[in-house]
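Thanks for coming, everyone. I'll walk through it piece by piece.

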Amino acid sequence: MDIKKKIKQLKHEVFVWKDSVYELILNDITPIILSRHLRYFIYKQIFKIKIGKDVYMYRSIEIRSPKNLTITGKNSIGKHVILDARRGLIIEEGCVIASHVLVWTLHHDYNSDNFQAIGAPVTLGAYSWICSRAIILPGVTIGKGAVVASGAVVTKNVPPYSIVGGVPAKVIGYRQKKEYHYNPKNKYHII
C-alpha cells in the first residue's frame, strides 16, 4: 500500500473515531448524568442546542444532530425519547413530550436502490402534548395545543387543538381552545 493510501485511510479512521467519541458523549454519557442542571449546561454549551428557560429533560434521551435542535422553553421531555434533528426539529414553548416518544426528521426512501436518506423538518407546536410511545415522522407539524395519543404514528400534519390517535394517526377529538400555560416545575422533576 502506498503512503498516500495509508494517509487517506488514517484520516478516515481519525474522522470515524472523532464522530464515535462525540456520539458517545452526546448519547451515552450525558443522558445518564444525574444532575439535570449539568445535562442542560452540556447540551446548551457544548452541543450548541438552542434551549430556552425551564426545559426539563429527563435522563436517557437520544439526540441526533443537536445543532439543528431548538427547544423554546417551558418544556418537559421524558425518558428514552429520540429527538432526531438531522433535518431540523423545533419544539415550541410548553410542548410536553412523554417517555418513549420517537421524533424522526430523516428516514430511508424505500423506492431507492440503496435506501437513500430522505426527510424534512418537524415542528411540535406550542402547548402540544405528545403521549408515550408516539412516533412522529419526517415533515410533520403538530399544531398548537394538539394532543398525540399514546402509540399513535403521525404521518401528516396535525391541526391545532385536535387529538389524534391510531396508526396512521387520525383526528379522534378536539381539545378545548384556550391559552394554555404549562409550567414544568413540579415535584416530579427532581433530576
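**Ile91 and its surroundings**

Let's start with Ile91. Not counting residues up to four places away in sequence, Ile91 touches Leu69, Thr70, Ile71, Thr72, Asn75, Ile77, Leu83, Ile97 and Leu124. A word of caution before we go on: this is a predicted model.

Now widen the view. Which residues touch the most other members of the largest nonpolar core? They are Leu83, Ile91, Ile97, Leu124, Ile130 and Ile142. Where do the core residues come from? At least two each are supplied by α2, β2 (55-57), β4 (69-71), β7 (89-91) and β12 (122-124). As background, nonpolar side chains tend to be buried together in soluble globular proteins.

Next, Cys95. Find the loop between β7 and β8 (96-97); Cys95 is there. Is Cys95 buried or exposed? Buried, because its relative accessibility is 0%, and the cut-off for buried is under 20%. Leave aside its neighbours within four places in sequence. Cys95 is then in contact with Lys74, Asn75, Ser76, Leu124, Gly125, Tyr127, Ser128 and Ile130. Cys95 and Lys144 are 49 residues apart in sequence. In space, their C-alpha atoms are 8.8 Å apart.

On to the sheet. The model has an open sheet of 7 strands, with mixed pairing. Trace the order with me: β2-β5-β8-β13-β16-β18-β19. Which strands stand at the edges? β2 and β19 (170-174). Each has a single partner strand, so one side of each is left without a neighbour in the sheet.

Zoom in on β18, residues 162-165. Strand β16 (residues 147-148) runs parallel to β18, and 2 bridges join them. Here, Val147 has Ile163 in β18 as its bridge partner. Val164 stands opposite Val171 in β19. β18 and β19 also form a hairpin, with 4 residues between them. In that turn, Gly166 has a positive phi of about 100°.

Stay in β18 for Ser162, which lies in this strand. Ser162 counts as buried, at 0% relative accessibility. What does Ser162 touch, not counting residues up to four places away in sequence? Ala146, Val147, Val171, Gly173 and Tyr174.

Last topic: aromatic rings. A pair of rings is described by the distance of the centres and the angle of the planes. How many aromatic pairs does the structure hold? There are 2. Take Tyr22 and Phe47, which form an edge-to-face pair. Their centres are 5.2 Å apart, with 75° between the planes. Why is that edge-to-face? Because the planes are over 60 degrees apart. Tyr22 lies in helix α1 (residues 3-29), and Phe47 in the loop between α2 (36-46) and β1 (50-51), so the pair ties together parts that are 25 residues apart in sequence. Tyr22 is partly exposed, at 39% relative accessibility. Phe47 is buried, with a relative accessible area of 4%.

One more ring to find. Arg175 lies over the face of Tyr180, at 3.9 Å from the ring centre.

That's my tour. Over to you for questions.

Technical notes:
Residues are numbered from 1 along each chain as its sequence is written. This is a predicted model: local features need pLDDT of at least 70, side-chain atom pairs count only at pLDDT 80 or more; totals for chains, interfaces and linings use all residues. Side-chain values use heavy atoms; hydrogens and water are left out. Rings of Phe, Tyr and Trp (its six-membered ring) pair if their centres lie within 6.5 Å; planes under 30 degrees apart count as stacked, over 60 as edge-to-face and the rest as tilted. Buried means under 20% relative accessible area, exposed over 50%, partly exposed in between (1.4 Å probe, protein chains only). A charge sits over a ring if NZ of Lys or CZ of Arg is within 6 Å of the ring centre and within 35 degrees of the ring normal. A nonpolar core is a set of buried Ala, Val, Leu, Ile, Met, Phe, Trp, Tyr and Cys residues joined through side-chain atoms within 4.5 Å. Contact means heavy atoms within 4.5 Å. Two strands pair if DSSP finds at least two bridges between them.
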